[in-house]
Amino acid sequence: MPQSTQPSAQHGAFSGDILVIDDEVPNLKLLTDILTGAGYQVRPTTVPHLALQAARTRPPDLILSDVRMPEMTGFEFCAALKQDEHTRDIPVIFVSALQDVEDRVRAFELGGADFICKPFQTAEVLARVQNHLALRNLTLGLEAQVAERSSALVAANRALQAEIEEHNQAQAELGDTRRFNERLIETANTM
């Protein structure tokens with residue numbers, strides 16, 4: 001279950017659990033420093049397979065992923081994430097030196113939420129992270145409201161069905177009583 005995101009009084013941002021994947025340690029350290037400095041809980045890794053396992057074990061609120069990595073690309077990572085019902089709704093922001101429109105389009109087609117080109121600006125990374133965490137928080141809140149209202153509607157429907165059954169039973173009993181009274185009247189009239 002994703003941890004809820006609460007406003008951070010210190011930075012005006014939404015705190016959250018962020019998984020960061022980049023095979024280049026300097027890039028990973030830079031992103032980790034930027035995000036932890038802004039008050040986010042960061043789980044950095046250089047290995048996409050470990051990141052996938054970590055996301056399945058304890059889903060983060062947001063994932064930042066490089067695209068070009070050995071063993072498993074960021075695109076392959078995202079595709080695997082989106083195929084798992086427990087991780088498919090986690091927003092993924094790609095952070096990459098790829099500049100081609102086709103690469104960005106592919107990122108979105110695979111379910112990516114955003115794409116930041118390297119070299120990136122700290123303010124841009126923080127703004128995009130904050131926006132996606134806020135959207136995630138709103139989405140989770142709406143899903144909880146929908147589930148709560150759906151549950152209330154199911155309970156109200158059951159109560160209404162029970163009331164209809166009681167009404168139908170009362171109608172049947174009233175019909176039986178009416179027929180019985182009509183027979184009594186007929187019998188009394190024939191005597």
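Colleague: Which residues touch the most other members in the largest nonpolar core?
Modeller: Those are I21, I63, F77, L81, F94 and F115, in a core of 21 residues. A nonpolar core here is a set of buried Ala, Val, Leu, Ile, Met, Phe, Trp, Tyr and Cys residues joined through side-chain atoms within 4.5 Å. Buried means under 20% relative accessible area, exposed over 50%, and partly exposed in between, using a 1.4 Å probe and protein chains only.

Colleague: Which elements give two or more residues to this core?
Modeller: β1 (17–21), α2 (48–57), α3 (74–83), β4 (92–96) and β5 (114–117) do. The biggest giver is α3, with 5 residues. Helices (H or I, at least four residues) and strands (E, at least two) are DSSP runs, numbered from the N terminus. There's also a second, separate core of 18 residues, with V20, Y40, I93 and I116 among them.

Colleague: Before I go on, what kind of model is this?
Modeller: This is a predicted model, where local features need pLDDT of at least 70, side-chain atom pairs count only at pLDDT 80 or more, and totals for chains, interfaces and linings use all residues. Residues are numbered from 1 along each chain as its sequence is written, and side-chain values use heavy atoms, with hydrogens and water left out.

Colleague: What does the pLDDT average over the protein?
Modeller: The average is 86, and 93% of the residues score at least 70; pLDDT is the predictor's confidence in each residue, from 0 to 100. Over residues 1–13 the pLDDT is below 50. Where pLDDT is low, the predicted coordinates should not be read in detail.

Colleague: OK, helix α1 next. Which of its residues are buried?
Modeller: N27, L28, L31, T32, I34 and L35. They sit on the same side of α1, because they cover an arc of only 165 degrees around the axis, going by the directions from the helix axis to the C-beta atoms. The face turned away from that side carries the exposed V25, P26 and K29.

Colleague: And what covers the buried ones?
Modeller: The cover includes β1, β2 (41–45), β3 (62–65), β4 and α5 (122–190).

Colleague: Last one: is A51 buried or exposed?
Modeller: A51 is buried, with a relative accessible area of 0%. It is found in helix α2. Leaving out residues up to four places away in sequence, A51 touches L19, I21, T45 and F77, where contact means heavy atoms within 4.5 Å.
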